[in-house]
Amino acid sequence: MSKVIKRAKNPVKKDSAMLYADTFFDPLAYTVENMHANKAFHYACSQSPDKDQDLILEELKERYKDYRRKWTKQPIDCAHQDIDDSKLIELGIIPLCLDLEVASICDLACPFCYREFIATPDKVIADPLAEKLIAEAGELKIPSIKFNWRGEPLLYPRIAKLIDLAKQNGVLETMINTNATQLTEKKSKQLIEAGLDVMIYSFDGGTKETYEKMRPGRFRKNTFDEVYKNITNFAETRSKLGAKFPRTRIQMILNEDTFDEQENFFKLFNGYVDEISVNTYTERGGSLEDLSIEELNRFHDYCRENNLPESSPYMRDSMGKMWISDSRTPCEQLYQRLMVTYDGRAGMCCYDWGSQHPVGFLSDESFEDPNKVYRDVLEKVEKNHSGFELLKAVQLPATHNEPAKRVTSIKDIWISEELNVVRRHHKKLELEKVNICKKCTFKDTYNWIEI
């Protein structure tokens, strides 16, 4: 339920989205076409000097296409086929992405973010743990690593080093999602030279007023002008260096403040990024309104007329169409990716913000008192420490699962009983039996009907 826009002038309607299609950007085709510029290719050539470089290039292209094909196909096949999840690795079914949280700290206090309601530590990952996990990803031939989860990855000072290390280990696609507050010219060059493949900007608002309302700073004032300049300067830096990567995408969530600014949002970034998208608002514990009074009345009327509970999930898409959910579907993330916090807790999906349902451990850092760092956040909020003034509603994350406290590997966790229990419930559409999934707001786990 998002729309993607690429350097366009004339909007055209298609399905439930509005596409600006003067020039359509195909990320898959672009990446394959420019695989020769992927830093993984250069490392592969240097690591196998006797192998024909054209053959290496073709192998990487096919591997990338297989990865993108499996991103959609693998979860569907696994959820609807009778397979033994404990044998996934033997069957060639591996994580398609490792989401490695290099920083849980963030320098913004966005009112719609989980950080405002679930205590989140201001921490960064230890270098040895990050390097170990990248090596494991390489051994498993995991095709992509996203270097963030809950925090701002550019607050981790050695992010470029880790991206380069991933490329040395054969990772085809490295990604970050950034608020761009720290995207200096020096940092821009470092990211490009390290081999970053995809950079996703989060920027909410098509005007200065809305952006600064939606994205206030925690430690200092965050301004529209500064961040906008960082993003446009990055485009110019990439162009000056003649770099093909990273591909860039910018996204905005839709609520009452941003819905009517979609056109202006496009105009702001047209020509500066490769893709522009707007996404339906996902409730994360706040009080932002995404529906008007008229739309809410229409929603309630539909529930009464169709005997649906008024607690039914709903949403409005980028074209203003209303949708309501009547059932759940298996979560794709269970067969797509594995999340790892800065301290080595493995999570089953990106919506488990507080790592409330860990499925294993890749470090013993959090064994002694796993909630201490979260209590420290509450204490700083209570004492009104600088940077915590806007976090008055935070609470300790609940604990829904307690796996055995032993350090294992990405491979072991991927086929573990801890994760397979959740998979079995999802296959049977028993999502209510998994506490963290029961009221999940991830739109892709619902079946939607247009009102």
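Author: Contact means heavy atoms within 4.5 Å. This is a predicted model, in which local features need pLDDT of at least 70 and side-chain atom pairs count only at pLDDT 80 or more, while totals for chains, interfaces and linings use all residues. Residues are numbered from 1 along each chain as its sequence is written, and side-chain values use heavy atoms, with hydrogens and water left out.

Reader: What is the mean pLDDT of the protein?

Author: pLDDT is the predictor's confidence in each residue, from 0 to 100. In this model 93% of the residues reach 70 or more, and the mean is 90.

Reader: Over which residues does pLDDT stay under 50, and over which is it below 50 with 13 contacts beyond near neighbours in sequence?

Author: One such stretch is residues 1–22, for which the model has 76 contacts beyond four places in sequence. The stretch with 13 contacts beyond near neighbours in sequence is residues 284–288.

Reader: Which residues does Cys437 contact, leaving aside neighbours within four places in sequence?

Author: Cys437 lies in helix H14 (residues 435–438); helices (H or I, at least four residues) and strands (E, at least two) are DSSP runs, numbered from the N terminus. Its relative accessible area is 8%, so Cys437 is buried, where buried means under 20%, exposed over 50% and partly exposed in between (1.4 Å probe, protein chains only). His357 is 80 residues away along the chain, with 9.6 Å between the two C-alpha atoms. The contacts of Cys437 are Arg328, Met348, His426 and Leu431.

Reader: Which residues have the most contacts inside the largest nonpolar core?

Author: A nonpolar core is a set of buried Ala, Val, Leu, Ile, Met, Phe, Trp, Tyr and Cys residues joined through side-chain atoms within 4.5 Å. In soluble globular proteins, nonpolar side chains tend to be buried together. Here the largest core has 97 residues, and those with the most contacts inside it are Leu100 and Phe147.

Reader: Which helix gives the most to this core?

Author: Outside four places in sequence, the residues touching Leu100 include Ala130, Leu133 and Ile134. With six residues, the helix that gives the most is H4 (residues 127–140).

Reader: How many residues are in the second, separate core?

Author: Among its members are Phe41, Tyr64, Tyr67 and Met175. The size of this second core is 18 residues.

Reader: What helix does the chain pass through from E6 to E7, and what helix lies in the unit of E5 and E6?

Author: A crossover is right-handed if, with the strands pointing away from the viewer, the path from the first strand over the helix to the second runs clockwise. The step from E6 to E7 is a right-handed β-α-β crossover through helix H6 (residues 185–194). Strand E5 (residues 144–146) runs parallel to E6 with three bridges, and Ser144 has Glu173 as its partner. The helix of the right-handed unit with E5 and E6 is H5 (residues 159–168).

Reader: Which residue of E9 stands opposite Met252?

Author: Strand E8 (residues 247–254) pairs with E9 in the parallel sense over six bridges, and the two strands form a right-handed β-α-β unit with helix H9 (residues 262–269). Six of the six residues of E9 (residues 275–280) are buried, so this strand is largely enclosed by the rest of the structure. Facing Met252 is Val278.

Reader: Which backbone oxygen does the side chain of Thr232 reach?

Author: Thr232 is part of helix H8 (residues 224–241). The relative accessible area of Thr232 is 8%, so this residue is buried. At 3.1 Å, its side chain reaches the backbone oxygen of Lys229.

Definitions and conventions. A polar contact is a pair of N or O atoms within 3.5 Å; within protein, one must be able to donate a hydrogen and the other to accept it, and residues adjacent in sequence count only if both atoms are side-chain atoms. Two strands pair if DSSP finds at least two bridges between them.
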